Amino acid sequence: MSISKPGSSKGNSQRTIEQRLQIQRLLEPTLIVASSAGSDVVKGLTQRPKTLPPRYFYDDRGSDLFEQICELPEYYLTRTETQILQSCASEIAAITGACEIVELGSGSSTKTRILLDAYQQKGLPLHYLPIDVSAGMLESSALSLLADYPSLQVDALAGTYELALSQIEPSQLPSRMICFIGSTLGNLNPQECDVFLSQVKAALQAGEYFLLGIDLQKPKHILEAAYNDNQGVTAAFNLNMLEHLNWRFQGNFDTTQFEHWAFYNETEHQIEMHLKSKRSQAVELHTLKLNVHFEPGETIRTEISRKFSLNSIQQELKAKNLVPQKVWTDENQLFGLLLCQLQDRE
């Protein structure tokens, strides 16, 4: 497939949107469900303390609620990262040059536009590879982007990060940049983080780039407010996970008998989100043949969100030969954006 520079060729601009969009399903939708088939739910709810994977936040209502969270006054993360990206996108494009943009967990691709604008303004080709488990989300966001960027080529991958990174083909452009923005790295524990960074390294060639967004350590009251908003949107988002499980696995969670609980664990430097049982109760997930008992006050941990120091994360990245080339933060040191380059695959 040939990629043309915007303004330098009529070829790409004359191609239809459908011709500029490819969506590869790395797993068939039925297999995506079957691959999780609730085994992670069974494992999480039968251990102590009980846990559930954050992936179950994101049914349609959960996705809508998260979009609302990003607009809340207490939730500084999205707007702060956006401001940083707006200030440094041109510099990122200048450093990488012609570069294929791979985005993990692309969602609605809102921030992607900031990068695409920067590359387009420099007359560089636009080739975007969004990766998300939702093929529907990939298609809707890609169609919106393609309508606004006539020279853009989108080759979307529907699947998990691990699967996509293991199957991604060599870049068609001189370089590649894998983007993992939005502070999602914080949802991984240290062991999972180490594995993930190894997967990123394996998907890059020497000289290629990794753009990482991280939430930085800060006072407890700022962090806890971001996860306990006054409007109760985060609480609704957390409780909706139980409704998702009810729908997916024929469950009978009564969400009125659980409450949202989020706090900052200062020892581990992480926000923890839990669902706390208000009373002694039993829950059945019929499809999974699972019965679970809850004591009064017993919790299900639904998410961690680790907060990083710039020094420590740079050392972790360097250990994988992902060497930071430039680090940007906001004036209040709330959030960090790091552009790293793989120096050597060995």
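Me: In which helix is Glu139 found?
Reply: This is a predicted model, in which local features need pLDDT of at least 70, side-chain atom pairs count only at pLDDT 80 or more, and totals for chains, interfaces and linings use all residues. Residues are numbered from 1 along each chain as its sequence is written, and side-chain values use heavy atoms, with hydrogens and water left out. Helices (H or I, at least four residues) and strands (E, at least two) are DSSP runs, numbered from the N terminus. On that basis, the run of residues 135–148 that holds Glu139 is helix 7.

Me: Is Glu139 buried or exposed, or does it lie in between?
Reply: Buried means under 20% relative accessible area, exposed over 50%, and partly exposed in between (1.4 Å probe, protein chains only). Glu139 has a relative accessible area of 38%, so its class is partly exposed.

Me: How far apart in space are Glu139 and Leu21, C-alpha to C-alpha?
Reply: In sequence, 118 residues separate Glu139 and Leu21. In space, their C-alpha atoms lie at a separation of 8.5 Å.

Me: What average pLDDT does the chain have?
Reply: pLDDT is the predictor's confidence in each residue, from 0 to 100. A score of at least 70 is reached by 92% of the residues. The chain average is 90.

Me: How many contacts beyond near neighbours in sequence does the stretch of residues 28–35 have?
Reply: Contact means heavy atoms within 4.5 Å. Over residues 1–11 the pLDDT is below 50, and that stretch has 19 contacts beyond near neighbours in sequence. Residues 28–35 also have a pLDDT below 50. For this stretch the number of such contacts in the model is four.

Me: What relative accessible area does Met177 have?
Reply: Met177 has its place in strand 6. Its contacts, leaving aside neighbours within four places in sequence, include Ile92, Thr96, Leu115, Tyr119 and Leu211. Met177 is buried, because its relative accessible area is 0%.

Me: Which residues are closest to the centre of the second largest pocket?
Reply: On a 1 Å grid over the protein atoms alone, a pocket is an open set of points where a 1.4 Å probe fits, with protein on both sides within 12 Å along at least five of seven lines; lining residues have an atom within 4 Å of a point. Grid points are joined across faces, edges and corners, and the volume is the space filled by probe spheres set on the points; for this pocket that space is about 300 Å³. Strand 1 (21–25), strand 4 (127–132), strand 5 (153–158) and helix 8 (161–167) each give two or more residues to the lining. Of the 18 lining residues, the closest to the centre are Gln24, Leu129, Asp155, Leu157 and Glu169.

Me: Is Arg20 buried or exposed?
Reply: Arg20 lies in the loop between helix 1 (11–14) and strand 1. Arg20 and Ser151 are 131 residues apart in sequence, yet 8.5 Å apart in space, C-alpha to C-alpha. With a relative accessible area of 4%, Arg20 is therefore buried.

Me: What relative accessible area does Ser183 have?
Reply: Although Ser183 is not a glycine, it has a positive phi of about 70 degrees. Ser183 is located in the loop between strand 6 (175–180) and helix 9 (190–203). Ser183 counts as buried because its relative accessible area is 9%.
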